[in-house]
Amino acid sequence: MKKLDFNYYLESFIQYRKRRNYAKGSIQHIRYYLNRFFDYLLMYTDIKDDIRVVTKLLILDYWQYLKDYRQKEGQPYSDSIINGSIKMVRQFFKYLKQRDLILFDPTDSLPVIREPRKIPKGIMTKHQADN
């Protein structure tokens, strides 16, 4: 069976999304998030460019890496950034599975991080209403 090269299948996924008329910005996000995931696999795992050996455990490790990561300013990634990263990884593996390029999708049963709901800007806080 042929080794599944990261870059080859990333480009295949991007071409698929372009054919579905995804915006240029969306395509850039796909490339950014998936390249970051592939870089993580190459730097922190024994995987050498074969997407078939990615497991649910490796993806959960990546998720934890994103949660623990600190940006230059010392700030952690927001839940929405982490969700966007994991969402892109899910979509990529779903694409590979739909084309029978992998036997199983390691992202099938991953949990979703719940993002806190934000109060709309026009609503006063309790403190503002009391004053």
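Mentor: Buried means under 20% relative accessible area, exposed over 50% and partly exposed in between, with a 1.4 Å probe and protein chains only. By that cut-off, buried residues make up 35% of the 131 residues in the chain. This is a predicted model, where local features need pLDDT of at least 70, side-chain atom pairs count only at pLDDT 80 or more, and totals for chains, interfaces and linings use all residues. Residues are numbered from 1 along each chain as its sequence is written, and side-chain values use heavy atoms, leaving out hydrogens and water.

Trainee: What makes up the secondary structure of the chain?
Mentor: Five helices and zero strands. Helices (H or I, at least four residues) and strands (E, at least two) are DSSP runs, numbered from the N terminus.

Trainee: How do you know how far helix 2 is expected to reach?
Mentor: The expected span is 1.5 Å times one less than the number of residues. Helix 2 (residues 24-44) has 21 residues and reaches 30 Å from first to last C-alpha, close to the 30 Å expected.

Trainee: Why are helix 2 and helix 3 called roughly perpendicular?
Mentor: Their axes, lines fitted to C-alpha atoms over the stretch in contact, with angles from 0 to 180 degrees between N-to-C directions, cross at roughly 105 degrees and come within 11 Å. Angles under 35 degrees count as roughly parallel, over 145 as roughly antiparallel, 65 to 115 as roughly perpendicular and the rest as oblique. Helix 2 and helix 3 are therefore roughly perpendicular.
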